Amino acid sequence: MSKTDSSLKTILTPPLRFFLVGEFFINLSDMYLFFLPLLMSDLGAGAADIGLVYSISAMVPLALNVTGGWLSDRFGRLRTITWGNLVKLAAFGVLLFANRWEWLILVFTLTGISWALAGPSFSAYIADQSAEKDRAKVYSVQHNLFNAVSLVRYPLAGWIAARDGFRPMLLAAAILFLIGSSLLAMSERVQRHTGQESKPGTSSSLKANFGVLLSLVLAGGVFTWMFIIDHLNDIFVGLSSSLSVLYFEEVVGITIEQISFLPTIGAVIALFV
């Protein structure tokens with residue numbers, strides 16, 4: 001056994017190993033997101049309709065992120081992630097049987113709720129399960145796994161969509177998501193044997209969190225402008241990335257498989273930056 005393998009076994013607790021592998025599959029299952037504008041276009045949506053859906057989707061996490069963090073503190077990281085995953089499964093169900101682009105509004109709303117519930121818990125769980133002296137190493141492992149996912153998920157989705165169509169690609173993504181969710185559930189089962197419990201929150205702490213956030217946003221200072229600029233950036237990046245997929249297919253004229261390699265190029269560059 002190499003020294004690196006021994007070091008990883010030391011810093012990665014058994015629940016954390018299941019968690020990171022489960023997160024790998026869940027991130028891999030997001031391979032369909034890049035191609036949703038093409039699916040919406042096939043269902044009859046125009047550029048304005050797609051922009052509307054992505055604008056709505058950006059507002060949901062903004063409204064619910066504080067609630068997701070409070071639920072994570074109150075009921076536990078993995079339980080809150082499980083709730084978010086159940087919402088995501090409902091989104092997959094709607095997506096697989098959608099026959100009109102308007103159904104994508106519900107899909108994006110459910111996906112936003114899912115991320116608002118589960119998102120804050122992912123980083124918090126890693127912090128809970130790692131010693132302070134090893135935390136940066138654990139986050140480095142997580143970052144490398146995410147980079148590995150970024151290299152393969154979109155080409156994989158593009159290959160399936162080009163060969164079999166969007167529905168089989170969505171089904172493959174749903175299966176990968178189920179695998180990842182199952183591994184996270186196993187992580188929770190392993191964690192029960194450690195006796196670790198999350199520090200409970202209260203309804204008053206939730207109100208306090210909302211109160212602090214609202215007062216900072218409305219204060220008109222640096223935080224207000226950071227808040228506005230950050231979320232405007234999220235909306236505009238989402239709009240540009242969604243419409244760029246349509247541009248490459250309809251104007252440039254490249255295939256789905258070729259389009260799928262474009263974000264991979266960015267992931268390769270990120271590995272060396």
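Reader: Is the crossing of α5 and α6 left-handed or right-handed?

Author: This is a predicted model, in which local features need pLDDT of at least 70, side-chain atom pairs count only at pLDDT 80 or more, and totals for chains, interfaces and linings use all residues. Residues are numbered from 1 along each chain as its sequence is written, and side-chain values use heavy atoms, with hydrogens and water left out. A crossing is left-handed if the near helix is turned anticlockwise from the far one by less than a right angle, and right-handed if clockwise. For α5 and α6, the crossing is left-handed.

Reader: How are α5 and α6 oriented to each other?

Author: Axes are lines fitted to C-alpha atoms, for helices over the stretch in contact, and angles run from 0 to 180 degrees between N-to-C directions. Helix α5 (residues 77–97) packs against α6 at about 155°, and their axes are 8 Å apart. Angles under 35 degrees count as roughly parallel, over 145 as roughly antiparallel, 65 to 115 as roughly perpendicular and the rest as oblique. The two helices α5 and α6 are therefore roughly antiparallel.

Reader: How many helices and how many strands are there in the chain?

Author: Helices (H or I, at least four residues) and strands (E, at least two) are DSSP runs, numbered from the N terminus. Along the sequence the pattern reads α-α-α-α-α-α-α-α-α-α-α-α. The count is twelve helices and zero strands.

Reader: Which term describes the orientation of α6 and α7 to each other?

Author: The axes of α6 and helix α7 (residues 135–164) come within 9 Å and cross at roughly 140°. On the α6 side the contact (heavy atoms within 4.5 Å) is made by S123, I126 and A127, and on the α7 side by R135, V138, Y139 and Q142. The crossing of this pair, α6 and α7, is right-handed. Their orientation is therefore oblique.

Reader: How does α2 lie relative to α7?

Author: Helix α2 (residues 14–29) packs with α7 at an angle of about 25°, and the axes are 9 Å apart. That makes α2, relative to α7, roughly parallel.

Reader: Which residues in α2 meet α7?

Author: The crossing in which α2 passes α7 is right-handed. On the α7 side are V138, V141, Q142, L145, F146, A148, V149, V152 and R153; those that meet them in α2 are L16, L20, E23, F24, N27 and L28.

Reader: Is N27 buried or exposed?

Author: N27 is found in helix α2 and is in contact with F146, V149 and R153, leaving aside its neighbours within four places in sequence. Buried means under 20% relative accessible area, exposed over 50%, and partly exposed in between (1.4 Å probe, protein chains only). Because its relative accessibility is 16%, N27 counts as buried.

Reader: Which residues touch the most other members of the largest nonpolar core?

Author: A nonpolar core is a set of buried Ala, Val, Leu, Ile, Met, Phe, Trp, Tyr and Cys residues joined through side-chain atoms within 4.5 Å. In soluble globular proteins, nonpolar side chains tend to be buried together. The largest core here has 57 residues, and those touching the most other members are F19, F35 and M169.

Reader: Which helix gives the most to this core?

Author: The core in question is the largest nonpolar one, with 57 residues. With nine residues, the helix that gives the most to this core is α6 (residues 103–129).

Reader: What is the relative accessible area of W103?

Author: W103 lies in helix α6 and touches V94 and A98, not counting residues up to four places away in sequence. W103 is partly exposed, with a relative accessible area of 42%.

Reader: How far apart are the C-alpha atoms of S72 and Y125?

Author: S72 is found in helix α4 and is buried, with a relative accessible area of 1%. S72 and Y125 are 53 residues apart along the chain, and their C-alpha atoms are separated by 9.2 Å.
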